[in-house]
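Here are my notes for your first reading of this model. Keep the structure open beside them and look up each residue as it comes.

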Amino acid sequence: YYPDLRPRVRATPGWSGNGMVATLNGTGFMFERRDRFADAFIEYAGSVGRPVLEIGAAYGVSTIPALERGAIITASDLDPRHLEILQGKVRPDLLPRLTLKPGKLPDIDFPLNHYAAILCSRVLHFLTGEEVDASVRNMARWLAPGGRLYLIADCPYGIWRGAIPKFEAGKASGERWPGFIVGLHNFLATPQAKPIEQPPYMNLMDPDILARTCREAGLEVLDAAFIPRPDFGGQGRMDGRENAGVLAVKPG
């Protein structure tokens with residue numbers, strides 16, 4: 001698995017049927033299989049009747065089913081080309097409930113106290129620790145009172161298993177971001193013949209780190225857990241801790 005992390009870009013990117021689709025900006029893939037945190041966001045977004053937000057929407061693997069369930073949703077992504085492809089996949093009758101906004105965390109901004117829910121899936125591990133803290137503080141500001149925040153991030157226990165010793169030693173010694181790694185080819189479960197150029201680093205997390213970040217932003221954590229991703233493959237190397245997920249709520 002992951003014989004080459006560099007994107008395999010097709011002329012018309014979209015659902016591939018093999019589990020993942022390359023992004024156009026060279027930072028990895030959109031995974032077609034969702035986890036329980038993303039599914040919970042979709043169900044809530046479709047039922048709440050108020051605006052919701054997805055950050056890192058890519059080609060719409062969560063945005064589109066949320067729309068189909070009735071969501072009023074803003075989809076945001078670093079690359080506006082991803083959002084153009086997403087828009088082209090949406091049924092015309094659903095487009096009035098879709099807003100698109102390209103931008104990068106933590107610089108992008110949204111209305112304060114506005115969203116009933118926010119999903120940020122597989123984005124935070126591309127940021128530095130300071131950027132993660134700033135981004136989650138901003139998400140807390142954007143949530144309406146009682147709004148729900150769903151976060152998903154990579155752990156060292158998935159494809160980056162070479163980072164486990166560094167992560168566990170750093171966490172035990174009190175490092176704030178023990179999963180920050182550079183030279184990614186050195187940490188893959190399956191060694192790479194060629195160095196990985198993009199992204200230049202990863203900031204791997206676990207449920208404790210995600211939950212801490214939410215609490216420091218003034219949110220109440222309702223659920224924090226590892227996420228099994230058997231679709232990552234790896235001939236027995238995966239152990240059910242491939243991703244971390246958090247559900248937090250804004251008081252009031």
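1. Thr213 lies in helix α6, which covers residues 207–216. Its relative accessible area is 3%, so Thr213 counts as buried, the cut-off being under 20%. Leaving aside residues up to four places away in sequence, Thr213 touches Val132, Asp133, Val136 and Trp177. The C-alpha atoms of Thr213 and Val132 are separated by 8.0 Å, although the two residues are 81 apart along the chain.

2. The rest of α6 can be read around Thr213. Pro207, Ile209, Leu210, Ala211, Thr213 and Cys214 are the buried residues of this helix. Their cover includes α4 (129–142), β7, α5, β10 and β11 (243–249). Just after the helix, Gly218 has a positive phi of about 90 degrees.

3. Does the length of helix α1 agree or disagree with what its residue count predicts? Helix α1 has 13 residues, 36–48, and at 1.5 Å a residue it should span 18 Å; the C-alpha atoms at its ends are 18 Å apart, so the two agree.

4. The N-terminal end of α1 is capped by Asp35, which places a side-chain oxygen 2.9 Å from the backbone nitrogen of Phe37. Just after α1 comes Gly49, with a positive phi of about 75 degrees. The buried residues in α1 are Phe37, Ala38, Phe41, Ile42, Tyr44, Ala45, Gly46 and Val48. When you look at such a list, remember that an α-helix has 3.6 residues a turn, so residues three or four places apart point the same way.

5. Now the aromatic rings. The model has six aromatic pairs. One of them joins Phe41 and Tyr150 edge-to-face, at 5.8 Å centre to centre and with 75 degrees between the planes. This pair links distant parts of the chain, since Phe41 is in helix α1 and Tyr150 is in strand β7 (residues 143–154), 109 residues apart. Phe41 and Tyr150 are both buried.

6. Tyr157 and Phe226 also pair edge-to-face, with 5.9 Å between centres and 85 degrees between planes. Tyr157 is in the loop between β7 and α5 (164–172) and Phe226 is in strand β10 (residues 220–227), so the pair ties together parts 69 residues apart in sequence. Tyr157 is buried, with a relative accessible area of 5%, while Phe226, at 30%, counts as partly exposed. Separately, Phe110, Tyr115 and Trp142 form one aromatic cluster.

7. Which charged ends sit over the rings of Trp177 and Phe226? Over Trp177 it is the charged end of Arg212, 4.8 Å from the ring centre. Over Phe226 it is that of Arg241, 5.8 Å from the ring centre.

8. A last point on confidence. The average pLDDT of the protein is 88, and 83% of the residues score at least 70. Residues 1–18 have pLDDT below 50, yet the model gives this stretch 54 contacts beyond near neighbours in sequence. Where pLDDT is low, the predicted coordinates should not be read in detail.

Terms used: Residues numbered from 1 in each chain as written. Predicted model: local features only at pLDDT ≥ 70, side-chain atom pairs only at ≥ 80, totals over all residues. Heavy atoms only, no water. Helix = DSSP H or I, 4+ residues; strand = E, 2+ residues; numbered from the N terminus. Expected span 1.5 Å × (residues − 1). Buried < 20%, exposed > 50% of the residue type's maximum accessible area, 1.4 Å probe, protein only. Polar contact = N/O pair within 3.5 Å; in protein donor to acceptor, adjacent residues only side chain to side chain. Contact = heavy atoms within 4.5 Å. Phe/Tyr/Trp six-rings, centres within 6.5 Å; stacked < 30°, edge-to-face > 60°. Lys NZ or Arg CZ within 6 Å of the ring centre and 35° of its normal. pLDDT = per-residue confidence, 0-100.
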